[in-house]
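The exercises below are meant to be worked through with the sequence and the model open side by side. Try each task before reading its solution.

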Amino acid sequence: MSVSETPASQAATSQATGAVDGAEAVATVAVVVDGYSAGNFYPAAFTALGARVIHAQTTAELIPTMLAPDLTAYEQNLVSTDETELAGLLRAHAPAAVVPGQESAVRAADRLSEALGVKSNGTALSVARRDKYEMIEALRRAGVRCADQFKSDDASLIVKWAEDQGRWPVVVKPLDSAGSDAVFVCQDAAETRTAAESVLAGRTIFGNANTEALVQSYLKGTEYIVDTVSADGHQYVCGVWEYEKTLLPTGRNIYNRDILVAPDADPVPALITYVTEVLAALDVRWGPTHAEVIVTDEGPVLVEIATRLNGNLNPAFQDLCLGHNQAGLSALAYIRPAEFVERYGDGVYRKLQSAYTYNAPTVLDGVVSAVDQETVAAIDALPSTVVTAVKYRPGSRIRPTNDLMTAALRIYLTSPDDTLLDADYERARALKDAVYQVN
């Protein structure tokens with residue numbers, strides 16, 4: 001176990017105490033567990049509500065494959081691989097909320113929040129909120145429309161299940177990774193075997209070995225994101241986005257754009273109704289969720305749902321196109337639940353202006369020798385651009401895009417003028433390959 005003070009400590013201490021009728025007032029404490037990726041937006045969101053923020057690190061070392069937490073944004077970083085010890089350390093701070101900072105922290109946050117007696121989705125269905133097989137089986141038991149599936153540690157049995165179904169393609173993927181990691185669309189038995197063997201031989205983006213592979217029926221239709229935030233079961237739908245993807249010859253589906261959809265546009269109402277059933281089946285009552293749903297001929301069907309922030313979150317961007325952002329809404333739900341329910345509970349977002357999140361793919365293969373700042377500046381200068389996230393630095397290894405993690409850039413674009421937005425998107429597409437110089 002270790003405890004590290006951070007530059008935020010002094011500021012947090014000054015905010016934490018103050019005279020109220022002669023007594024000392026102590027600020028609410030929020031705990032972020034493994035605050036990688038979009039979890040980096042939590043400290044500012046909780047601090048804006050007057051809360052102190054502590055980071056809980058459940059691994060001895062930071063996970064190298066993920067965007068690391070900015071530990072300077074926290075009052076303290078508590079490090080322990082022993083959850084009982086970690087719960088004891090956190091109990092001394094009397095936190096009001098314990099939230100997962102990324103996908104692999106979901107179960108740890110469920111256990112810690114339950115042990116500490118704070119707002120929690122609990123542990124009864126925690127496995128089903130993380131394990132993709134158990135997730136779908138929980139829907140099946142609840143009578144919610146879902147995919148057919150099978151899991152095994154034997155690639156031959158994966159192939160046999162697919163052949164017995166007699167329907168191609170099928171989807172093969174890990175049980176508990178994220179970001180489209182090692183997800184394959186397989187057209188026949190040979191591709192299914194190759195995919196299953198690849199999954200079983202590999203590790204998740206969190207560094208864990210895949211002990212089983214999952215095979216599911218292929219869901220034909222358009223895929224959507226449905227993001228929500230809940231407070232004591234009062235759900236607010238904070239955004240629905242249409243996925244635009246490209247299927248590679250390898251069977252990997254790579255992201256291109258997430259396109260904001262108006263709340264009254266088809267099929268958003270049906271998606272919201274369906275995701276509400278999913279949340280009930282998985283007993284999600286608190287915090288954010290990020291659902292991926294395909295609208296098939298039979299209706300919406302879940303791909304997967306995560307009880308954490310959308311990995312594509314950017315608060316400044318969402319504030320412009322939606323008037324709020326998922327990190328801020330989640331902090332409000334945990335810290336001021338009555339206010340959240342009054343303002344947002346059981347409601348649906350408004351689309352203030354059109355918006356795209358562009359995960360720019362690349363075919364570059366080599367070591368980045370330089371980032372062309374003039375090209376980055378040209379993308380930033382487009383009227384619709386809010387943020388251009390450059391993912392690689394000089395010296396980094398860049399490979400052709402095969403999943404979300406290997407996209408070359410993430411560009412957030414929004415505008416009230418659809419023609420301008422489309423023109424800026426096309427200009428960004430034309431510029432993206434000039435951002436990196438590669439040896």
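**Exercise 1.** In the hairpin of strand 12 and strand 13, which residue takes a positive phi?

Solution. Bear in mind at the outset that this is a predicted model. Begin with the two strands, residues 222-231 for strand 12 and residues 234-247 for strand 13, which pair in the antiparallel sense over eight bridges. Then turn to the link, where two residues lie between the strands, and Asp 232 is found to take a positive phi near 50°.

**Exercise 2.** Work out in what order the four strands of the open sheet are arranged, and which of them are edge strands.

Solution. The order is 8-11-9-10, with antiparallel pairing. Strand 8 (149-152) and strand 10 (184-186) are the edge strands, since each pairs on one side only, and the twist averages 25° from one strand to the next. Three bridges join strand 9 (residues 170-174) to strand 10, where Phe 184 is the bridge partner of Val 172.

**Exercise 3.** Describe how helix 5 and helix 6 lie on strands of this sheet.

Solution. Helix 5 (residues 132-141) lies across strand 8, strand 9 and strand 11, at about 145° to strand 8. Helix 6 (residues 155-165) lies across strand 8, strand 9 and strand 11 as well, running at about 165° to strand 8.

Methods:
Residues numbered from 1 in each chain as written. Predicted model: local features only at pLDDT ≥ 70, side-chain atom pairs only at ≥ 80, totals over all residues. Heavy atoms only, no water. Pairing = 2+ DSSP bridges. Axes fitted to C-alpha atoms, helices over the stretch in contact; angles between N-to-C directions. Contact = heavy atoms within 4.5 Å.
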